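Dear colleague,

I am handing over the structure we spoke about, and below it you will find notes on what turned up. Please look at the structure first and then read on.

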Amino acid sequence: MAVPATGGKQQKALQNHDLQLEIQAMVEEKLFPLFERYRLGHGDLEAILKWKPIVLLLGNYSSGKSTLVNELLGKEFQRTGQAPTDDSFTVITAPEAGEEPREIPGSTLVNDEALPFASLKSFGEKLVSHLQMRTVAAPILNNLAIIDSPGMLDSVTEKGRGYDFAGVIAELAKMADLVVLLFDPHKAGTIKETYSAIRNTLPEASGEDRIVFAMSRIDECDNLGDLVRAYGTLCWNLSQMTGRKDIPRIFLTFSPRVSRTTRALEVWLEERTELKNKILAAPDLRISHILQFVDRQANELGMVIEAMARFCRDGRRQIQTAVKGVLVGIGFAVFFLDLICRALIGFPSEIFLSTFATGQIHVGHLILPVAGSSGAAALAWLWLVKWRLPRYVRRCLKETDRLVELETDYQKQTWARVQGTVRELIGIDTGLRALFVPHGKHLKRVRLFVVQELKAYYSRMP
Ligand SMILES: Nc1nc2c(ncn2[C@@H]2O[C@H](COP(=O)(O)OP(=O)(O)OP(=O)(O)O)[C@@H](O)[C@H]2O)c(=O)[nH]1
Ligand SMILES: [Mg+2]
């Protein structure tokens with residue numbers, strides 16, 4: 001049996017909850033203003049920071065997701081069946097204190113500020129009508145929500161479902177502290193939607209350490225040879241999907257509640273218990289998941305600021321060049337302009353430098369140097385504003401990559417996520433003033449946040 005929450009566990013849950021609130025307050029105070037300033041959305045971060053730990057169950061249709069939920073709850077709660085049974089995402093959790101168990105429709109969930117599901121609204125009405133929350137009193141749900149999902153299919157396309165199924169999975173996987181991916185021996189990793197979820201959706205949305213693979217219904221294998229074949233097929237398919245040769249652990253399990261052949265398979269029951277205990281321990285992953293996510297978002301923010309700082313620094317160099325041009329122009333106007341004019345048109349009769357040396361200077365001697373200097377300054381200004389800076393901005397928009405260091409894969413992946421924002425920021429305000437924003441100060445604040453505050457929270461993880 002899976003271990004139910006004990007007094008010690010409850011205390012740990014409370015500690016985790018307090019820590020989560022503390023991190024939430026700190027992130028809201030220190031990072032959110034900068035996210036807004038740099039036009040980076042912080043909806044995902046907000047979603048993760050609020051509410052309770054979440055386990056997301058994904059898998060082929062009829063792989064036993066709802067059966068596993070019922071086993072964890074200790075009651076027949078979710079509908080189960082041999083054909084694709086469930087076409088909805090169901091968030092299952094405990095009712096609020098003093099509340100009766102109830103069903104809450106998706107439209108309420110996506111509009112409830114206290115819940116993390118607001119981002120699902122953007123997937124449209126069809127998804128919202130395939131989303132619900134069901135509350136039920138069960139010990140494991142005191143500090144946990146489980147999301148049961150529609151089975152993954154082979155033939156259904158986005159058109160068939162009516163919403164972007166992979167996108168919804170990505171959103172939910174981002175907020176989930178643990179993603180359990182169930183397979184069954186009948187379709188060991190051959191389902192198209194599962195393939196694309198593992199290959200494209202999950203790596204971006206969830207850390208590898210937060211994904212658990214399990215093959216359920218193994219009691220339906222006729223013999224050991226049959227099981228080994230199904231397991232081998234799943235491993236091969238998984239390596240195709242993940243592109244990796246080192247296969248992650250795959251729990252081999254079956255449900256003793258529905259299986260008729262438990263005796264021969266007793267040895268595998270241990271794995272079922274291990275899988276359930278892993279699910280029950282998901283709340284322990286909460287703080288590290290939050291910190292990892294904050295870390296990742298802070299790095300994205302840092303990269304945007306770094307790019308903007310570089311953009312401004314190089315832009316200010318263009319101004320320096322213009323200023324140098326002005327100085328040369330002024331020097332020329334003061335020392336040579338009246339000399340040249342006198343040589344060409346005989347005016348002025350006295351040049352500024354000689355009157356300056358004799359001390360017999362009057363306003364008339366200053367006209368040409370001052371007019372020349374002003375002309376030089378105006379020309380330099382025009383050259384800068386109308387030609388040099390727009391050209392510089394255009395080049396930065398075209399070659400945004402040169403604004404950041406892209407040495408590691410991590411830097412490249414982070415950059416892929418934020419370079420659109422950098423382009424947007426560069427394009428918004430192309431005036432001179434934009435080059436004097438104190439990005440360096442902002443960058444320092446983000447770096448300090450990552451190396452000091454965030455690190456301190458890592459060390460406080462229970
Ligand atoms: N023999 C056996 N049957 C199982 C096991 N787990 C689930 N089943 C049966 O398999 C069928 C499908 O199980 P569900 O729990 O409904 O599967 P699901 O993944 O929720 O399916 P969808 O909601 O359609 O995606 C049901 O008839 C279950 O009773 C198992 O470990 N062994
Ligand atoms: Mg189901």
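**Helix packing and domains**

Helix H12 (residues 282-345) and helix H14 (residues 363-398) have axes that come within 8 Å and cross at roughly 155°. Please bear in mind that this is a predicted model. Since angles over 145 degrees count as roughly antiparallel, H12 and H14 are therefore roughly antiparallel to each other, and their crossing is right-handed. The residues in the contact of H12 with H14 divide into 20 nonpolar, 6 polar and 4 charged.

H12 also packs with helix H16 (residues 439-459), here at an angle of about 160° and with the axes 9 Å apart. On the H12 side the contact includes Leu291, Val294, Ala298, Leu301 and Ile305, and on the H16 side the residues include Leu443, Val446, Phe449, Val450 and Leu454. In this contact of H12 with H16, the residues divide into 15 nonpolar, 4 polar and 3 charged.

As for the division of the protein chain, domain 1 spans 51-280 and domain 2 spans 301-459, and the centres of domain 1 and domain 2, taken over C-alpha atoms, are separated by 56 Å.

Helix H8 (residues 165-175) is mostly covered, with 10 of its 11 residues buried. Among the buried residues of H8 are Phe165, Val168, Ile169 and Leu172, and also Glu171 and Lys174.

With best wishes

Note on methods:
Residues numbered from 1 in each chain as written. Chains lettered and ligands numbered in written order. Predicted model: local features only at pLDDT ≥ 70, side-chain atom pairs only at ≥ 80, totals over all residues. Heavy atoms only, no water. Domains from an automatic or database assignment. Axes fitted to C-alpha atoms, helices over the stretch in contact; angles between N-to-C directions. Helix = DSSP H or I, 4+ residues; strand = E, 2+ residues; numbered from the N terminus. Contact = heavy atoms within 4.5 Å. Nonpolar A, V, L, I, M, F, W, Y, C, P; charged D, E, K, R; others polar. Buried < 20%, exposed > 50% of the residue type's maximum accessible area, 1.4 Å probe, protein only. Parallel < 35°, antiparallel > 145°, perpendicular 65-115°, else oblique. Left-handed = near helix turned anticlockwise from the far one by under 90°.
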